[in-house]
Each structure stands twice: as structure tokens, then as C-alpha cells.
Amino acid sequence: MDDNQKSLILKSSSQYPLPQGVKLSYGTAGFRADASILGSTVFRVGILAALRSLKTQSLTGLMITASHNKVTDNGVKIADPSGGMLTQEWEPFADAIANSPTPQHFVQLIDEFVKKENIRFDGVRSAKILLGRDTRPSGESLLEAAKQGVYSIVGATAIDMGILTTPQLHWMVRARNKDMKATELDYFEQLSSSFRFLVDLTPNQIKMSKTDDKLIVDGANGVGGEKLEVLKKMLNSMDIEIRNSGKEGGVLNEGVGADYVQKEKVVPQGFHLKDVGIRCASLDGDADRLVYFYVQSNNASKIDLVDGDKILSLFALFIKEQLSILKMEGDDHVDENYEARLGVVQTAYANGASTDYLRQLGLEVVFTPTGVKYLHEKAAEYDIGIYFEANGHGTILFSESFLTWLNARNNELSSKSKGSEQQKAVLRLLAVSNLINQAVGDALSGLLLVEAILQYKGWSIHNWSELYHDLPSRQLKVKVVDRTAVVTANAETVVVRPPLIQEAINVEVAKCPQGRSFIRPSGTEDVIRVYAEASIQEAADSLANSVAKLADQFLGFGNSG
Ligand SMILES: CC(=O)N[C@H]1[C@@H](OP(=O)(O)O)O[C@H](CO)[C@@H](O)[C@@H]1O
Ligand SMILES: [Mg+2]
């Protein structure tokens with residue numbers, strides 16, 4: 001970096017001083033905190049996004065959101081040129097700059113990093129960053145801070161895309177870098193046209209009953225509701241009612257949204273007994289999580305939850321079915337069949353019943369630590385990789401080579417057996433690859449795929465929910481002195497440090513029929529999370545309580561000496 005560049009950063013960063021006592025870490029979902037302390041963080045992440053753009057010689061993205069957190073929080077994360085999360089190799093640098101105490105120290109950190117990474121400032125290609133934000137009131141001024149960050153890098157351009165869902169921003173970054181159509185309208189057109197295409201391939205004899213047509217969506221009073229309104233207009237065949245769109249005066253994520261519904265297992269605000277029997281879905285605050293549910297007929301506040309694991313199972317079942325149609329005999333090109341590698345990726349939070357179900361289907365199921373970046377990376381190793389967190393974040397990834405094969409197969413079948421079952425299966429898989437977001441989990445595209453598959457199978461939400469029965473589970477949080485003292489292994493299923501706690505957990509688990517329990521430090525909150533499941537709810541609750549006590553004994557404040 002030349003002196004001019006250094007003094008530009010120095011000057012602008014003095015306008016965004018780091019508040020006293022702030023310590024942030026680029027966790028499972030970027031930086032998140034109370035919005036009032038985030039100005040300097042977002043400014044610095046603006047610079048980081050520009051450096052990432054220079055390093056990769058591609059466009060990057062910056063999203064301002066705190067997802068399902070309360071409305072007074074906010075956050076910021078970077079989209080890499082692929083549309084995925086920021087490369088993990090850069091996370092330590094993100095932490096270092098966010099916590100740098102003075103503008104001088106900050107400039108020095110950047111200068112060292114630029115040298116180490118060999119980032120070129122020769123102006124041959126300048127940095128370009130797409131900016132987006134959710135509907136939080138603090139978003140506007142934080143977006144300004146991000147712009148100031150970007151503009152402190154000579155020649156850099158910030159393109160403000162306005163209010164978006166997180167997956168839309170990731171989708172646009174990916175599309176732009178692939179020289180594909182990348183505006184918001186292109187996003188809606190791609191989703192709606194591939195959805196219509198998929199639905200047109202529904203076998204004729206299957207028709208859903210009239211009562212199963214309707215879908216009610218809880219928009220969490222966030223950005224998802226207003227975007228779904230746009231999509232709905234382009235899909236005039238669908239009967240969707242959107243509640244908690246943010247226009248009715250409700251507060252973002254307060255008693256609404258996918259996180260609330262999944263964790264509390266109760267109806268979101270605005271849902272009542274008269275909704276019994278109707279298919280309902282809930283988005284989170286930035287529309288990258290999706291769960292379904294229906295209201296229990298005997299208790300209007302309780303729901304039956306159809307979570308990310310069950311969305312994953314529905315997707316896996318459908319994909320597997322299409323792959324087996326492809327393999328059907330009766331055409332002369334059986335030898336040209338491509339053995340597509342289908343993989344399913346879950347975390348330790350996946351309900352044990354879902355994993356059993358998927359394995360019974362004969363699918364390969366693998367586990368990664370919590371956090372989209374791990375699941376996504378693993379899923380990308382397959383021809384078709386399906387990943388979901390139980391909380392509703394997930395998608396289906398298709399490899400380039402498999403897509404090339406599908407397109408070639410389609411051309412071949414078009415000339416030899418147009419309209420055959422095999423060609424329809426090929427076209428369905430291609431439509432899914434266009435519909436489902438290839439960059440990150442996306443509640444809107446996930447919702448359309450669920451709807452298309454339910455129509456294809458002629459299923460109600462009850463049919464779907466009956467695929468398997470969830471084992472009762474319980475999640476708890478424990479405040480501890482230092483959550484980083486907990487080190488886990490085997491996709492977070494065992495604790496390796498501190499010593500002896502895992503043995504103690506094993507003793508509790510052994511007392512419990514179908515018992516399973518683990519603890520891990522949260523990446524987004526200063527707590528240890530406890531998960532337990534068992535054959536009955538009381539046993540899951542008591543297992544979770546005993547393990548929480550162990551966490552407190554080994555790590556809690558009583559043990560701080
Ligand atoms: C148990 C749970 O739901 N954990 C969530 C939560 O992470 P934690 O690291 O558990 O705080 O937020 C992440 C970001 O949204 C999400 O990826 C993850 O699944
Ligand atoms: Mg979210």
C-alpha cells in the first residue's frame with residue numbers, strides 16, 4: 001500500500017472509533033451485536049470486503065443483518081465471490097481488524113496483511129462490492145458505514161442493492177461473477193419460472209385436494225414477507241396468504257419467525273385455532289431459514305413442527321426418486337448412465353429419527369460441525385449434496401459435471417424419446433437446480449421447492465409429517481465463565497476438553513432409553529448449548545437438565561477458581 005492509500009484509511013477510520021470494551025468475533029454468522037456499537041465494525045468489514053475483492057479479482061458481497069436476533073441488534077457478514085460465506089482462512093484477520101484499538105494500529109494490521117496475502121493495489125482491477133441490508137432501522141446508517149469502508153480503498157466501487165434477503169445478496173454475487181443475469185428481478189424470474197416448469201411436470205393423475213392448496217406464511221415481520229409478496233404476484237396459480245409481513249405493525253422476530261417457532265414449538269403471533277388443518281410456514285428475519293408447521297386441533301397455541309430435517313428428508317426422497325427413474329431400463333443407453341453421487345449433510349442437532357429415516361432410504365448421511373460454512377463445503381463434494389440444519393437453513397448443491405451430464409442427456413432424450421419418463425426426470429432435476437439457491441440456504445426458493453414436491457406427490461402436510469416421528473428433544477443454554485474452554489471433536493458430538501466431562505455425560509446418557517446428548521460452545525451467543533433427545537419427552541428433559549448441571553459444575557461460575 002502506498003502512503004496515499006494508508007492516509008486515506010487512517011483518515012476515514014478515525015471517523016469510526018471502536019467503542020470502549022468491545023470484543024467481537026466473526027462467529028458462525030459474521031459479527032453480531034447491539035446495533036449501537038457496530039459502526040466501526042461495519043466500516044472495517046467494508047474495507048475487508050474490498051480487500052477480498054482485490055485478492056480474488058472478483059466481486060464480493062457485504063450483508064447487514066442479524067437474522068433472527070432482536071430488532072435492536074444488527075450484524076455484518078461477507079459473501080465470497082462464489083456466493084458462499086467468507087473463506088475461513090480470513091476469519092482470524094476479520095477478528096483482528098474488528099478489535100483493533102486505534103486507527104494507527106488498524107492501518108498497520110492491514111498493511112501487514114496486504115503484504116502477507118500479496119494483495120495487489122496496482123489498479124489493474126479495482127475492488128467491487130455489492131451491499132445489501134435487511135429491514136432493521138439501524139441498517140441505513142450501518143450501510144453508510146460500510147460504504148465509507150469500501151471507499152477508503154482507492155478505486156473501489158460499492159453497489160448498494162438496498163433491502164434484500166440474505167440469500168438474494170449471496171445469489172447476486174454468485175450470478176454476477178458467473179456473468180449470469182443478476183438483478184433482483186432476474187432472481188424472481190428464475191425462481192418463478194423454474195417453479196412453474198417443475199409444477200408442469202407433475203404427473204397428470206395427481207391432484208391435490210382443494211383444502212391442501214392453501215399456504216399461510218409467517219414473514220417474521222422481516223424482509224422475507226415483502227419479497228414473497230413480489231414472488232406471489234409472479235405465481236398467480238398459488239394460494240399464499242402472508243402474515244407478519246412487517247406492514248401490520250408487529251416487531252421483527254418478536255413472537256414470530258422460524259427461530260421462535262422451531263425452538264418454542266408454539267404458533268407465531270397472528271395464527272389461531274381457525275388455521276387448524278392448513279399448511280403453514282415460517283421464515284426467519286432475513287429469510288434464510290424455513291420451517292413448516294400446523295396448528296394442533298386440541299390446543300391452538302401448540303404446533304406440530306415440520307423442521308429442517310423433514311424438509312431435507314422430503315428433498316432427499318424426491319431427488320432419489322428422480323435418480324431412480326433415470327436409471328430405469330428400457331432405453332438403449334443404460335450404459336451411459338452416470339452414477340450420480342448423492343450425499344446428505346446434517347449436524348449433531350438433526351433429530352436422530354431423521355438420520356435413521358435417511359439411512360433406511362439407503363442414503364449416505366454425513367455430519368459436520370454447526371454452521372452453514374461447514375455443511376455447504378461438505379455438500380459441495382457430491383454430485384448432488386443436500387444439507388440442512390434442523391433450524392431450517394439448507395439447500396441442494398449440484399456439481400457442474402453432473403449438470404453438464406444432465407443437459408447432454410436431455411438433448412439426447414429429446415431426439416430419441418421426447419416426453420419419456422426419463423426425460424421428465426432429467427428436466428425435473430434441472431428445474432430443481434435452477435430453483436434452489438446454489439449459494440446459500442434460501443427460505444423463498446426452499447419454500448417453492450417444498451410446494452412443488454408436495455404437489456408432485458399429491459401430499460398434505462400431514463402425509464409429509466408422517467415420514468417419520470421425531471424423537472422428543474430438549475435444548476438448553478448454560479452461562480459459563482469461558483465457553484472457549486470447551487473443545488469438541490467428531491462433528492461436536494464429544495467433548496475432548498476439559499477432561500472427564502464427556503465421561504460424566506456418557507453416564508447420564510446410558511441411563512436413558514434412546515438417549516443422546518452433547519454440549520458445544522455457541523458461535524453466536526456467549527453460552528454453552530446443551531442438546532438431549534430420548535424416547536419420551538420427560539426423559540429428554542431430564543437428560544438435558546443433568547447434562548446442563550454437569551456443564552455448570554465443570555465450567556460454571558461456581559468453578560471459576
Ligand atoms: C443450535 C442452533 O440452532 N445453532 C445455530 C446458531 O449457531 P450457534 O453457534 O449454535 O449459536 O446460529 C447459526 C447462525 O444462524 C446457525 O447456523 C446454527 O445452526
Ligand atoms: Mg437467518
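Select Asn-391 to begin. Is it buried or exposed? Asn-391 has 23 C-beta neighbours inside 10 Å, and 20 or more is enough to count as buried, so buried it is. Bear in mind as you look around that this is a predicted model. Asn-391 sits in the loop between strand 13 and strand 14. Leaving aside residues up to four places away in sequence, it touches Asp-259, Gln-262, Arg-289 and Gly-308.

**Next stop: the four-stranded sheet**

Now select strand 13, residues 384-388, and bring up the strands around it. You're looking at an open sheet of four strands in the order 12-11-13-14, with mixed pairing. Its edges are strand 12 (364-367) and strand 14 (394-398), each of which pairs on one side only. From one strand to the next, the twist averages 20 degrees.

Zoom in on strand 11, residues 342-346, which runs parallel to strand 13 and is joined to it by four bridges. For a handy landmark, click Val-344: its bridge partner in strand 13 is Ile-386. Strand 11 also pairs with strand 12, again in the parallel sense and over four bridges. Here the pair to click is Gly-343 with Glu-364 of strand 12.

Why does strand 11 count as largely enclosed by the rest of the structure? Because four of its five residues are buried.

**A helix across the sheet**

Select residues 372-379, which make up helix 12. This helix lies across strand 11, strand 12, strand 13 and strand 14, and it runs at about 160 degrees to strand 13. How many of the eight residues of helix 12 are buried? Six of them are, so the helix is largely enclosed by the rest of the structure. Colour them to see where they fall: Val-372, Tyr-374, Leu-375, His-376, Lys-378 and Ala-379. What covers these residues includes strand 11, strand 12, strand 13 and strand 14.

Move to another open sheet, with five strands in the order 7-6-8-9-10 and mixed pairing. Strand 7 (240-243) and strand 10 (299-306) stand at the edges; each has a single partner strand, so one side of each is left without a neighbour in the sheet. The twist averages 30 degrees from one strand to the next.

Pick out strand 9, residues 290-296, which pairs with strand 10 in the antiparallel sense over five bridges. Click Tyr-292 and you'll find its bridge partner, Val-306, in strand 10.

There are helices to show here too. Helix 15 (residues 443-457) packs on the sheet and touches strand 6, strand 8 and strand 9; its direction makes about 55 degrees with that of strand 9. Helix 8 (residues 223-234) lies across strand 6 (215-218), strand 7 and strand 8 (279-283), running at about 160 degrees to strand 7.

**Last stop: ligand 1 and Thr-524**

Select ligand 1 and display what surrounds it. Which residues come closest? Of the 15 residues around the ligand, the closest are Thr-28, Ala-29, Ser-522, Gly-523 and Thr-524. By class, this shell has three nonpolar, nine polar and three charged residues.

Stay with Thr-524, in the loop between strand 18 (516-521) and strand 19 (528-533). Thr-524 has 18 C-beta neighbours inside 10 Å, so it counts as partly exposed. Not counting residues up to four places away in sequence, it touches Gly-27, Thr-28, Ala-29 and Arg-32.

To finish, highlight residues 491-549, which UniProt lists in an unreviewed entry as "domain: Alpha-D-phosphohexomutase C-terminal". Over that stretch the chain is 39% helix and 27% strand, and its end C-alpha atoms are 23 Å apart.

How values were computed: Residues are numbered from 1 along each chain as its sequence is written. Chains are lettered from A and ligands numbered from 1 in the order in which they are written. This is a predicted model: local features need pLDDT of at least 70, side-chain atom pairs count only at pLDDT 80 or more; totals for chains, interfaces and linings use all residues. Two strands pair if DSSP finds at least two bridges between them. Helices (H or I, at least four residues) and strands (E, at least two) are DSSP runs, numbered from the N terminus. Axes are lines fitted to C-alpha atoms, for helices over the stretch in contact, and angles run from 0 to 180 degrees between N-to-C directions. Two residues are in contact if their C-beta atoms, placed from the backbone, lie within 7 Å. A residue is near a molecule or strand if its C-beta atom, placed from the backbone, lies within 6 Å of it. Ala, Val, Leu, Ile, Met, Phe, Trp, Tyr, Cys and Pro count as nonpolar, Asp, Glu, Lys and Arg as charged, and the others, Gly among them, as polar. A residue is buried if 20 or more other C-beta atoms lie within 10 Å of its own, exposed if 12 or fewer, and partly exposed in between; C-beta atoms are placed from the backbone. UniProt positions are given in the numbering used here, feature names are shortened, and annotations may be inferred rather than shown by experiment.
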